[in-house]
Amino acid sequence: MKKSRLAFLIGTVGGVGYLRPAPGTWGSLAALPMAYALHQLGGFLLLALATVLCIVVGVWAAEAMTRNRENMDPSEFVLDEVAGQFTALWAVSYPAWAHDIEITALWPGWIAAFVLFRLFDILKPGPVGWADRQKGATGVMMDDIIAGILAAICVAALAFLSHGVLGM
């Protein structure tokens, strides 16, 4: 398989990026069962390793997919959404892993991580917008990673509010 074909296969997450409407949302949805499987197989550490691998491979795939093209962030490239959604789910995976809690018991965190990540990715506030304006493959990946970090912080804050302050 040629490098560019492999880059398209990886960058579109096996073709998920071609789903319409809202390919980014489809990419984020595809990340959910992948994150669940990774957590079940190796806990938080495997999810964290997979996130880093998605970022590294994502930069390569984004460079290959955008070479000689005007559009430096094609909508069909959704590996950035997968990496960002994985990052947002760290706030669910880590506590489940650290406290030996079944990850499905934290289902409100899954919903919050998905919704918040999509909101930060679409609205691009502050540092997300700054990263989105950066040139090249690193910028393509980094806006989603930053959106994922912001979503993870918010999920952790909501969990603290719910369990720590309100005692629910």
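Where is the kink in helix 2 centred?

1. Helix 2 has a kink of about 130°, centred on Gly42; the bend is the angle between axes fitted to the seven residues ending there and the seven starting there. Helices here are DSSP runs of H or I, at least four residues, numbered from the N terminus. Helix 2 covers residues 23-66 and spans only 17 Å between its end C-alpha atoms, whereas a straight helix of 44 residues would span 64 Å at 1.5 Å a residue. Asn68, with a positive phi near 65°, follows helix 2.

2. A word on provenance: this is a predicted model, where local features need pLDDT of at least 70, side-chain atom pairs count only at pLDDT 80 or more, and totals for chains, interfaces and linings use all residues. Residues are numbered from 1 along each chain as its sequence is written, and side-chain values use heavy atoms, with hydrogens and water left out.

3. The largest pocket holds about 330 Å³ of space. Of its 15 lining residues (those with an atom within 4 Å of a pocket grid point), Leu106, Pro108, Gly109, Ala159 and His163 are the closest to its centre. Helix 6 gives the most to this lining, with 5 residues. By class, the lining of the largest pocket has 11 nonpolar, 4 polar and no charged residues.

4. The second largest pocket has a volume of about 170 Å³. Among the 16 residues lining the second largest pocket, Asp73, Ser75, Asp80, Glu81 and Asp121 lie closest to its centre. Its lining has 9 charged residues, with 5 nonpolar and 2 polar.

Notes:
Helices (H or I, at least four residues) and strands (E, at least two) are DSSP runs, numbered from the N terminus. The expected span of a helix is 1.5 Å times one less than its number of residues. On a 1 Å grid over the protein atoms alone, a cavity is a set of points where a 1.4 Å probe fits but cannot get out, and a pocket is an open set with protein on both sides within 12 Å along at least five of seven lines; lining residues have an atom within 4 Å of a point. Grid points are joined across faces, edges and corners, and a volume is the space filled by probe spheres set on the points. Ala, Val, Leu, Ile, Met, Phe, Trp, Tyr, Cys and Pro count as nonpolar, Asp, Glu, Lys and Arg as charged, and the others, Gly among them, as polar.
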